[in-house]
Amino acid sequence: MNDKYLWKGKINPRKAISMQKEMAENVKAYGEVLSPLYIAGIDIAVWRNINHAQAAVVVLKYPRLDIVEIKKATDEITFPYIPGLLSFREIPLIIKAWEKLTIVPDVIIVDGHGYAHPRRIGIASHLGILLDKPTIGCAKSKLCGVFDTPADESGSFSNLIHNEEIIGVALRTKIRVKPVFVSIGHRISLENAIYWVRQCCVGYRLPQPTRLAHIAAGSNL
């Protein structure tokens, strides 16, 4: 693990933004995942009233997408909720769950943004750099940018554009259902990221790895 960007103790927002700008220069927006054996989904549930959270990593075997491993970690959340700095709030707990895995996934889909971030370093990219693994961001809502509404058919997508740059896509994963927002995290091309999100959607709006991670983080799996 590249722990240069895994801080110890508290970190203030100014330092966090500075770290993001440095990390963004290390994001690899290229690479192809060709025949993965294991695909992981990651999500986190936060109980705001007690300021605790639970992170879940669910590993599925491809292509059947059967669950082969689920690991969780629960702890207090100390970093405040600040839009654009989600990774500093959630990654320490995600890493605790990740370190419990006995199976190493070939690609990771994160419930959150990657390159589709104002500083091009969302949680999927931050995590990908830390783990040095191919990662994909798949978020339920956009953080920045504009897009044209994709066609109603499943698999249709339109570019998500911010400051005249394509930062991801709005992808329709199910007919007449709101799109999800897919972006590269690290060590993968946008085309390949779109492909694997589509491969992992099995009748639901969300890809199966993050859908199950969401359920697991809420203690129901």
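Where does Gly84 lie, between which two elements? Gly84 is found in the loop between β3 (66-76) and α2 (86-98). What you're looking at is a predicted model, in which local features need pLDDT of at least 70, side-chain atom pairs count only at pLDDT 80 or more, and totals for chains, interfaces and linings use all residues. Residues are numbered from 1 along each chain as its sequence is written, and side-chain values use heavy atoms, with hydrogens and water left out.

View 1. Helices (H or I, at least four residues) and strands (E, at least two) are DSSP runs, numbered from the N terminus. With 12% relative accessibility, Gly84 counts as buried (buried means under 20% relative accessible area, exposed over 50%, partly exposed in between, using a 1.4 Å probe and protein chains only). Leaving aside residues up to four places away in sequence, Gly84 touches Gln20, His117, Arg119 and Leu143 (contact means heavy atoms within 4.5 Å). Tyr62 is 22 residues from Gly84 in sequence, and their C-alpha atoms are 32 Å apart.

View 2. The whole structure holds 5 aromatic pairs. Phe79 and Phe88 make a tilted one, at 6.0 Å centre to centre with 35° between the planes. For a pair, ring centres of Phe, Tyr or Trp (its six-membered ring) must lie within 6.5 Å; planes under 30 degrees apart are stacked, over 60 edge-to-face, and the rest tilted.

**View 3. Phe147 and Phe181.** Here the ring centres are 5.2 Å apart and the planes sit at 75°, so the pair is edge-to-face. It joins distant parts of the chain, 34 residues apart: Phe147 is in the loop between β5 (135-139) and β6 (157-162), while Phe181 is in strand β8 (residues 180-186). Phe147 is partly exposed at 28%, whereas Phe181 is buried at 7%.

**View 4. Arginines over rings.** The charged end of Arg211 sits over the ring of Tyr204, 3.7 Å from its centre. Arg120 lies over the face of Tyr115, 5.7 Å from the ring centre. To count, NZ of Lys or CZ of Arg must be within 6 Å of the ring centre and within 35 degrees of the ring normal.

**View 5. Helix α3.** Why is helix α3 (residues 123-131) described as largely enclosed by the rest of the structure? Because 9 of its 9 residues are buried. The cover includes α1 (13-24), β1 (38-47), α2, β4 (107-110), β5 and β8. Just after α3, Asp132 takes a positive phi of about 55°.
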